[in-house]
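My entries follow in the order in which I looked things up.

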Amino acid sequence: MKSLLTAHHLNKSFIIDEQQIVILKDINLSIQSGEFVAIMGKSGSGKSTLLSLLAGLDHASSGQVMLAGDELGQMSEEQLALKRQKEIGFVFQSFHLIPTLNVEENITFPLNIARDHQPDKVDSLIKAVELNHRRHSFPNQLSGGEKQRTAIARALVTDPKILFADEPTGNLDEANAKQVIDLLLTLQKASGTALVVVTHDPALAARADRTLTIKDGQLQ
Ligand SMILES: Nc1ncnc2c1ncn2[C@@H]1O[C@H](COP(=O)(O)OP(=O)(O)OP(=O)(O)O)[C@@H](O)[C@H]1O
Ligand SMILES: [Mg+2]
């Protein structure tokens, strides 16, 4: 089967005070369409850095990321932005909602950028993440779980081929974390999108098709 995403000999380093700090070393991986992969590892091991490279949010120092037929390193910023808009969803630990937009407007936002009009899609996602009663609330009026459910609906509204989530339940208590995960996995299965989740939660990793562990910038 052809992989949706592959990384070949991926390296990332930063230069700080003229010193090269190596963060990721020779990462090789592949992810299939519809697959759910968990990434685990200690704080500082390079998980968020890896996710940023795979999602085209940052550039590798060397190596390749192929996503749905394109090599990300060969694309212009404009092409990458368009690709992220159409094919990639991202959910962050700290939600990253737009504070001046309400729940419905936040979820609709990626469609507006793409000049796509799908009110029924927005409506069904708002209901799927159980926020119909909060659709006109602004982010500062929402609980953490409600914010993250909004962010998940927003990430899925464009039907991405792959959804990346960096510790999506890291700021939630146990009950809210469970609700968010259950909804995330239900929507992932229904939409057929691939899902790559960075998590410290063994219970979430146990539900993945596969778990990758990163240690000191290397996959184990
Ligand atoms: N822009 C940057 N410049 C310099 N060093 C960086 C930069 N971004 C990340 N790092 C370093 O890279 C290492 C890996 O960071 P990363 O955020 O990927 O870790 P992580 O595994 O996601 O950790 P956590 O579980 O705490 O979120 C850390 O030592 C961090 O300080
Ligand atoms: Mg991180």
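The entries below take the ligand, then the salt bridges.

**Ground rules.** I am reading a predicted model, in which local features need pLDDT of at least 70 and side-chain atom pairs count only at pLDDT 80 or more, while totals for chains, interfaces and linings use all residues. I number residues from 1 along each chain as its sequence is written, take chains as lettered from A and ligands as numbered from 1 in the order written, and note that side-chain values use heavy atoms, with hydrogens and water left out.

**Ligand 1.** I looked up the shell of 13 residues and noted that Ser 43, Gly 44, Lys 47, Ser 48 and Thr 49 come nearest; a residue is near if one of its heavy atoms lies within 4 Å. By class I noted 3 nonpolar, 7 polar and 3 charged residues in this shell, where Ala, Val, Leu, Ile, Met, Phe, Trp, Tyr, Cys and Pro count as nonpolar, Asp, Glu, Lys and Arg as charged, and the others, Gly among them, as polar. An oxygen atom of ligand 1 is 2.8 Å from an N or O atom in the side chain of Ser 48, and for the side chain of His 200 I noted 3.3 Å from an oxygen atom of the ligand to an N or O atom. Taken alone, ligand 1 exposes 640 Å², of which the protein buries 59% (Shrake-Rupley areas, 1.4 Å probe). Helix 1 gives the most to the shell, with 3 residues; helices here are DSSP runs (H or I) of at least four residues, numbered from the N terminus.

**Salt bridges.** I found 12 in the structure, each a side-chain nitrogen of Lys or Arg within 4 Å of a carboxyl oxygen of Asp or Glu. Glu 87 pairs with Lys 161, their closest N and O atoms being 3.4 Å apart, and this pair links distant parts of the chain, 74 residues apart. I then noted that Asp 70, Lys 83, Glu 87 and Lys 161 are linked in a network of salt bridges. Glu 87 counts as buried because its relative accessibility is 16%, whereas Lys 161, at 41%, counts as partly exposed (buried is under 20% relative accessible area, exposed over 50%, partly exposed in between, with a 1.4 Å probe and protein chains only).

I also looked up Arg 207 and Asp 182, whose side chains meet in a salt bridge at 3.0 Å, N to O. Arg 207 is partly exposed at 42%, and Asp 182 counts as partly exposed at 24%.

How values were computed:
Polar contact = N/O pair within 3.5 Å; in protein donor to acceptor, adjacent residues only side chain to side chain. Helix = DSSP H or I, 4+ residues; strand = E, 2+ residues; numbered from the N terminus.
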